Amino acid sequence: MTYHHLFIYDTIIIVSYQTERSCFMNLKIAENQSDFFSCMLIRSRVFMIEQNVDISLELDEEDKTCTHYCLYDDEGKAVGTCRVLKHGDVAHLGRVAVLKEARGHGYGAYMLKEVEKHCRKLGYKKIELGAQLHALPFYEKQGYHAYGDIFLDADIQHRMMVKEL
């Protein structure tokens, strides 16, 4: 399977940010094969290896049509990823992942903030996601609100969350 057609975008986002720890972050839309494969590598490490999610559940047809984002650290190493799917005027955020060794340094919060800015610019009114239960406090700190019942996705308990943009 080839993904060459995934990397043609009208808008390319490249954002740099420096944290209090003097660590630069660079978030961009996966615009080429290297970026896309960096996203897939992070997802495979976080979801398939750490969480034992089957590859048939992790990689899906939506990967062909969504917008993939890749987050790089100050050394140019890919440390985080997520994807956005369009559902009318709602952006659906999914496959949010930060490498284990990069967690706790603000990468996830930064990635969400920048993706939200991009979604706002594209006209989305709100952003929703299915959060793993252990991650609910993280998303709540970023302004997301849980709703609905707990559900299983890849045998992992989740709850839907939403944030008005």
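Biologist: Before we start, what are the ground rules?

Modeller: This is a predicted model, where local features need pLDDT of at least 70, side-chain atom pairs count only at pLDDT 80 or more, and totals for chains, interfaces and linings use all residues. Residues are numbered from 1 along each chain as its sequence is written, and side-chain values use heavy atoms, with hydrogens and water left out.

Biologist: Fine. Why is A91 called buried?

Modeller: Buried means under 20% relative accessible area, exposed means over 50%, and partly exposed is in between, using a 1.4 Å probe and protein chains only. A91 has a relative accessible area of 0%, so A91 is buried. You'll find A91 in strand β5, residues 90-98; strands are DSSP runs of E with at least two residues, helices are runs of H or I with at least four, and both are numbered from the N terminus.

Biologist: E128 is a charged residue in strand β6, residues 126-132. How do you know that E128 has no salt bridge?

Modeller: A salt bridge needs a side-chain nitrogen of Lys or Arg within 4 Å of a carboxyl oxygen of Asp or Glu. For charge, Lys and Arg count as positive and Asp and Glu as negative, while His and the chain ends are not counted. The nearest side chain of opposite charge to buried E128 is K126, at 6.2 Å, and there is no salt bridge.

Biologist: What does the side chain of E128 make a polar contact with?

Modeller: With the side chain of Y147, at 3.4 Å.

Biologist: What makes β6 and β8 a pair?

Modeller: Two strands pair if DSSP finds at least two bridges between them. β6 and β8 (residues 156-164) have seven, in the antiparallel sense, and Q132 stands opposite H158 in β8. Strand β7 (residues 145-153) is joined to β8 by six bridges, also running antiparallel. β7 and β8 form a hairpin with two residues between them, and A154 in the turn has a positive phi of about 55 degrees.

Biologist: Why is the contact between R45 and E101 called a salt bridge?

Modeller: Their N to O distance is 3.1 Å, and the limit is 4 Å, so the pair qualifies. R45 is in helix α1 (residues 33-50) and E101 in the loop between β5 and α3 (107-121), 56 residues apart. R45 is partly exposed at 32%, and E101 is partly exposed at 43%. The whole structure has 14 salt bridges.

Biologist: And why is E61 called exposed, but K64 partly exposed?

Modeller: E61 is at 55%, so it counts as exposed, whereas K64 is at 27%, so K64 is partly exposed. The two form a salt bridge, with the closest N and O atoms 3.0 Å apart.

Definitions and conventions. A polar contact is a pair of N or O atoms within 3.5 Å; within protein, one must be able to donate a hydrogen and the other to accept it, and residues adjacent in sequence count only if both atoms are side-chain atoms.
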